[in-house]
Amino acid sequence: MTDSRALAEAFNEVFGREPEGVWHAPGRVNLIGEHTDYNDGFVLPFALGLGVSVAAARRGDGVVEVRSRQAAAAVTAPVDGGPVVAEGWPPERAWAAYPVGTARVLRERGTGGASLLIDSDLPQGAGLSSSAALECATALALCDLHGAAVDRPALARLAQRAENEQVGVPCGPMDQAASLLCTAGHALLLDCRSGLSSQVPFAPAGSGMTLLVVDTRAAHALAGGEYARRRAECEEAAALLGVAALRDVKDLAGALGTLRDPVLRRRVQHVVTENHRVEATVGLLRAGAVTELGAMLNASHLSLRDQFEVSWPEADATVDAALRAGARGGRMVGGGFGGSVLVLTAADRAARVRDAVAAAYAERGWTAPEFIEAVPSAGARRVTPA
Ligand code: GAF
C-alpha cells in the first residue's frame, strides 16, 4: 500500500496545500463465481493488499481536479457534467474518467468538488480491478469530505454506476462491492440479486497453502466488445428460457434441451454450474477444507475456457504448467481475454510452481509473468487522519 505520508507531501507540492485526508481502496481477486454477477448470481471475491490511494481536499467551486502519480496529464472538470463517455476525452485523459465520473454520480448524494492526487500499486490491465479501486477510493473520499452518509452497499452500486454510465463499461456489481465490503481474512459471498453479503473466513496460510496471482502480462480491456457480447448472450438465453436472469435456471438439462443455439447452450452451462461452484466452495471454506478448493478452481477454469470462451493462451499455459508442477488448482480470474490467473498451491511447492510457470513462458518466447502472493486483506478505508 502507498505510504500515506509521502502521498500527503506530494499533494502539498502539487496543489500547494495540505490534503484533508488519505483514503485507500484495494483491488480484488475473485476466488470463484466468474461472469455470474451480471446474471444475478453469486460471487466470492477477496481484497488484495494492493490498491489505489487518494489524497484529497474539498473545493468550493464545483470542480474536480485530478492528478495521478502514474500519469502526466492533469484533468479538471466540472462536477455538474453529463456522462464523461459522451465528451470524447483523448486517450491520455482516459484514466481520469473514473474519478471524475464517480464525482458526477455522487453529486446526487450531495457531494461536490475536490482536488485529488491518486497513487496506485496495482498493475493496470491485470484484471485485478484497478478501475473499481480508483472509483471506490474516490467515492469514499468524497463522501467523507462532504459529509454524505451513504452505506457501503449503496456506495458500491453508485461506483458501479459511475463505471457503467460515466465510463461506458457494462461491468456487473462484483468489483466495486469487493473493494468496499471485503474484510481481512475473509472472502465476500455476495448475492448479486439482493445485494446481501456475508463474510466467509478464508486464511490459506493457516492450512499451509499459498495463493499466487500470476499476472500473465496479456492486458485485458473490459471495454472491448467480447464482454458486452457475453452479457448480451446471457440476456438472450434468459429471455428464451422465460426467466429474469440465468440465476433462475433450476433445471440445467431442461434448459439445454430448450435452447437450439449451441453458443447460448454453452453460456448457460457455464453460468448455472459456476453458481453451484460458488456454493460448493463456500461449503468447503466453512468446513475448513482449503486444500480441497483446487478442484473447484480447475473446474471453473475449464468451464470459462470451453463453455464461456473467455480464456486466453497465457492463462491456459499458466494453469497447465502450475498443475504439472504440483499446484492444487488454478483458474483465470476477472472478465477474461487477458489479465491474471489464480493458483492454489501448498506453500512448500510455491517456488517450484512459480519456476515452472516462468519456464513455460520463456519456452514460448512470451514476456515473463509477474507473481503476487495474494493474502485476503481489508476493504476500502480512510487511512489518515485515522
Ligand atoms: C469484470 C467485471 F467488471 C465484473 O463485473 C465481472 O463481470 C467479471 O469481469 C467477471 O466475473 O471484472
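The structure is a predicted model, in which local features need pLDDT of at least 70 and side-chain atom pairs count only at pLDDT 80 or more, while totals for chains, interfaces and linings use all residues. Residues are numbered from 1 along each chain as its sequence is written.

## Contact between the domains

The C-alpha centres of domain 1 and domain 2 lie 25 Å apart. Their contact takes 26 residues from domain 1 and 37 residues from domain 2, where two residues are in contact if their C-beta atoms, placed from the backbone, lie within 7 Å.

On the side of domain 1 that touches domain 2, the elements giving two or more residues are strand S1 (21-30), S2 and S7. Helices (H or I, at least four residues) and strands (E, at least two) are DSSP runs, numbered from the N terminus. The residues of this side of domain 1 divide into 15 nonpolar, eight polar and three charged.

## The sheet of three strands

Strands S2, S7 and S8 form an open sheet in the order S2-S7-S8, with antiparallel pairing. Its edge strands, each pairing on one side only, are S2 (42-43) and S8 (197-201). Two strands pair if DSSP finds at least two bridges between them. Two bridges join S2 to S7 (residues 186-191), and Val43 has Leu190 in S7 as its bridge partner.

Five bridges join S7 to S8; Leu188 has Gln199 in S8 as its bridge partner. S7 and S8 form a hairpin with five residues between them, and Gly195 in the turn has a positive phi of about 80 degrees. Helix H5 (residues 174-181) lies across S2, S7 and S8, running at about 135 degrees to S7. Axes are lines fitted to C-alpha atoms, for helices over the stretch in contact, and angles run from 0 to 180 degrees between N-to-C directions.

## The sheet of six strands

A second open sheet has six strands in the order S5-S4-S6-S3-S1-S13, with mixed pairing. The edge strands are S5 (71-78) and S13 (381-384), and the twist averages 25 degrees from one strand to the next. S1 and S13 run antiparallel and are joined by three bridges; Val22 stands opposite Thr384 in S13. Helix H2 (residues 97-106) packs on this sheet, touching S4 (63-68), S5 and S6 (113-120), and its direction makes about 155 degrees with that of S4.

## A pair of helices

Two packed helices are described by the angle between their axes and the distance between the axes. The axes of helix H6 (residues 225-241) and helix H8 (residues 262-286) come within 9 Å and cross at roughly 90 degrees. H6 and H8 are therefore roughly perpendicular to each other, a term that covers angles of 65 to 115 degrees.

On H6 the contact is made by Arg230, Glu233, Cys234, Glu236 and Ala237, and on H8 by Val263, Leu264, Arg267, Val268 and Val271. By class, this contact has six nonpolar, no polar and four charged residues.

Note on methods
Angles under 35 degrees count as roughly parallel, over 145 as roughly antiparallel, 65 to 115 as roughly perpendicular and the rest as oblique. Ala, Val, Leu, Ile, Met, Phe, Trp, Tyr, Cys and Pro count as nonpolar, Asp, Glu, Lys and Arg as charged, and the others, Gly among them, as polar. Domain bounds come from an automatic or database domain assignment.
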